[in-house]
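Subject: Structure for your review

Dear colleague,

Please find below the structure that I am handing over to you. I would ask you to look through it first, and then to read the findings that follow.

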Amino acid sequence: MKIIRTNFQNPEFKRLVQSLNLDLAQRDGTTHPLSQFNDISNLNYVILVMNKDKAIGCGAISRYDFNSMEIKRMYVSPEARGQKIGEKILSELENWSRELGKTKCILFMGSKQPEASKLYQRNNYNFIEKYGKLKDIPDSLCLAKDL
C-alpha cells in the first residue's frame with residue numbers, strides 16, 4: 001500500500017466518493033440535509049491509499065478559516081476495513097494541514113456513523129459546538145483537534 005496526494009479530479013477519488021455517497025444514503029436516506037455538503041469540486045488536498053492501482057481509501061481537507069482545515073470525504077472500502085487505513089489517512093491529512101501552516105482540524109459527520117466517531121475519538125478529536133450551516137441539522141456531529 002502507498003499513500004498519494006492528489007486532488008478532486010483524480011478518477012480513483014471520484015470512484016470512492018461515489019461509494020461513500022451510496023453508503024451515506026443507505027444510512028441516512030437520500031435527502032438527508034448533510035448531503036448538501038457532498039460536492040468535491042473544490043477539494044484540492046486529497047489523500048488516496050492505493051493498493052496496486054486501485055484506491056482503497058480516501059480523505060480530503062479544505063481551508064475552513066485562517067487557523068483550521070476541515071476534514072472531508074473520509075472513506076475506506078469495505079473490503080479494506082480493519083487494517084487501520086482510516087488512521088493512516090487521518091494522520092496524513094493532519095500532517096498536510098500542518099505543512100499548510102494550520103493549527104487545527106475540524107470536521108462534521110452524521111450521527112449514524114459510529115465507526116467514524118470511534119476513529120476520530122481514538123485519534124484525540126473532541127466534540128465541539130456545531131458550526132456554520134450545521135447548527136440547524138439535528139443529527140450532525142462536529143469534532144475538532146488541535147495540531
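A residue is called buried when its relative accessible area is under 20%, and exposed when that value is over 50%. By this rule, 48% of the 147 residues in the protein chain are buried. Please keep in mind that this is a predicted model.

Overall fold

The protein chain contains 3 helices and 7 strands. Their order along the sequence is β-α-β-β-β-α-β-α-β-β. The radius of gyration is 14 Å, close to the 15 Å given by the globule rule for 147 residues, so the protein chain is as compact as a globular protein of that length. Along the principal axes, the C-alpha atoms fill a box of roughly 40 × 35 × 30 Å. Of the contacts between residues at least 6 apart in sequence, 67% join residues at least 24 apart.

Surface and charge

The accessible surface of the protein chain is about 7,900 Å², and carbon and sulfur atoms account for 48% of this area. The protein chain carries 23 positive and 17 negative charges, whose mean positions lie 2 Å apart.

Nonpolar cores

Which residues have the most contacts inside the largest nonpolar core? They are Ile71, Met74, Ile89, Tyr120 and Tyr125, in a core of 23 residues. At least two residues of this core come from each of the strands S2 (45–51), S3 (54–63), S4 (68–76) and S5 (104–110), and likewise from each of the helices H2 (85–99) and H3 (114–122). Helix H2 gives the most, with 5 residues. Another core, of 15 residues, lies apart from this one; Leu20, Ile40, Leu48 and Ala55 are among its members.

Leaving aside residues up to four places away in sequence, Tyr125 touches several residues, including Ile71, Leu90, Cys105, Leu107, Tyr120 and Leu143.

Most residues other than glycine have a negative phi. Lys52 is found in the loop between S2 and S3, and it is exposed, with a relative accessible area of 74%.

Asn124, also not a glycine, has a positive phi of about 70°. Asn124 sits in the loop between H3 and strand S6 (126–128). Is Asn124 buried or exposed? Its relative accessibility is 54%, so Asn124 counts as exposed.

Yours sincerely,

A colleague

How values were computed
Residues are numbered from 1 along each chain as its sequence is written. This is a predicted model: local features need pLDDT of at least 70, side-chain atom pairs count only at pLDDT 80 or more; totals for chains, interfaces and linings use all residues. Side-chain values use heavy atoms; hydrogens and water are left out. Helices (H or I, at least four residues) and strands (E, at least two) are DSSP runs, numbered from the N terminus. The radius of gyration is taken over C-alpha atoms; the globule rule is 2.2 Å times the number of residues to the power 0.38. Buried means under 20% relative accessible area, exposed over 50%, partly exposed in between (1.4 Å probe, protein chains only). Contact means heavy atoms within 4.5 Å. Accessible areas come from the Shrake-Rupley method with a 1.4 Å probe; for residues, only the protein chains shown count as cover. Lys and Arg count as positive and Asp and Glu as negative; His and the chain ends are not counted. The place of a charge is taken as NZ of Lys, CZ of Arg, CG of Asp or CD of Glu. A nonpolar core is a set of buried Ala, Val, Leu, Ile, Met, Phe, Trp, Tyr and Cys residues joined through side-chain atoms within 4.5 Å.
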